[in-house]
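Here is a friendly walk through one protein model, with an eye on its charged side chains and on one of its sheets. Keep the structure open beside the text as you read.

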Amino acid sequence: MDDKKPIIEIDARSGFCHGVVTAIRKAEEELARCSEPLYCLGDIVHNSDEVERLEKAGLTTINHSDLENLSGVRVLLRAHGEPPATYACASARGIEIVDATCPVVLQLQRRIKDTYDNTSPRPQIVIYGKAGHAEVNGLVGQTNGEAIVVESIDQLSEIDFNQNIALYSQTTMSLQGLAEMVAEISDRISSQASFKYYDTICRQVANRVNHLREFAESHDVILFVAGAKSSNGKVLFNECLDINPRCHLVSRAGDFCPQWIENAYSIGICGATSTPRWLMEQVKDTVQNYL
């Protein structure tokens, strides 16, 4: 490295969104309040280091198969939300639900359920999102499993364009992607069918895109911190990479490679909505120790 040490900046607007902050706070409060076991249905956040931190504090991560074998315990539902079947299973087994579903996701679930239950004739409900993602599973569950999930234009062939369509979006998808989906469906829909679409993308997430692109442009090197399971992390990392080819994805401080910052005088550290601030601080400390 040059004798002049580079400036290292952590993006002040990166890190947990409100929904994740609330879920983690609820978990910590419940762990402090009661000595009885607390289970979480799925990783509380798509970051293995944060999951490990909470597991050390007493939170046990389970899957849906585990839920069916428990009874009389407390189970926290993370910010992503769950389908009605999960609540029914918990009720039948005397399980106390600690509901940490993000309010934005909860409102979206209710809107989809209202469309499914109360619109006549019932339209094809299409969800722009990632099939199998926890949030999307909860959304599809509001339609008794009938909603069609599409992530790309290529998947629109699953839709009947002669029938009415109602389009919703997973809260963490890109605004540009939704706009392209709306334009394509509008172009293909039969003149005899109706098409209604709803922009249900969380602005706290969506508004980060332009900010992160500016942040990536303002530094020589970007270290983007996100867990391997983070859908939002992949989207935001690619936005940074599009602006700055010297953008590197790291899941933890140990992933840092010194060669990345050769001849760099400005290093930016940022992350996804599932990235804890303390992890970005660890990455910064690792870079500083190398310097």
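This model is predicted, and it holds 15 salt bridges.

| Salt bridge | Closest N and O atoms |
|---|---|
| Arg33 with Glu30 | 2.8 Å |
| Glu30 with Arg74 | 2.7 Å |
| Glu281 with Arg277 | 3.4 Å |

**Around Glu30**

The bridge to Arg74 links distant parts of the chain, since Glu30 sits in helix H1 while Arg74 belongs to strand E4 (residues 74–77), 44 residues apart. Arg33, by contrast, is found with Glu30 in helix H1 (residues 18–33), where three residues, about one turn of the helix, separate the two.

How buried or exposed are these side chains? Glu30 has a relative accessibility of 14%, which is under the 20% cut-off, so Glu30 counts as buried. Arg74 is also on the buried side, at 5%. Arg33 has 53% relative accessibility and therefore counts as exposed, the cut-off being over 50%.

**Within helix H11**

Glu281 and Arg277 are both part of helix H11 (residues 277–290), four residues apart, again about one turn of the helix. Glu281 counts as partly exposed at 29% relative accessibility, and Arg277 falls in that class too, at 37%.

**An open sheet and its helices**

Four strands form an open sheet in the order E1-E12-E10-E11, and their pairing is parallel. Which strands lie at the edges? They are strand E1 (7–10) and strand E11 (247–250), each of which pairs on one side only. On average, neighbouring strands of this sheet are turned by 20° against each other, with direction ignored.

Strand E10 (residues 221–225) runs parallel to E11 and is joined to E11 by four bridges. To find this pairing in the viewer, look for Ile222, which stands opposite Cys247 in E11.

Two helices accompany the sheet. Helix H9 (residues 208–217) packs on it and touches E1, E10 and strand E12 (266–271), with a direction that makes about 155° with that of E12. Helix H10 (residues 231–243) lies across E10, E11 and E12, and runs at about 160° to E11.

Key. Residues numbered from 1 in each chain as written. Predicted model: local features only at pLDDT ≥ 70, side-chain atom pairs only at ≥ 80, totals over all residues. Heavy atoms only, no water. Salt bridge = Lys/Arg side-chain N within 4 Å of Asp/Glu carboxyl O. Buried < 20%, exposed > 50% of the residue type's maximum accessible area, 1.4 Å probe, protein only. Pairing = 2+ DSSP bridges. Axes fitted to C-alpha atoms, helices over the stretch in contact; angles between N-to-C directions. Contact = heavy atoms within 4.5 Å.
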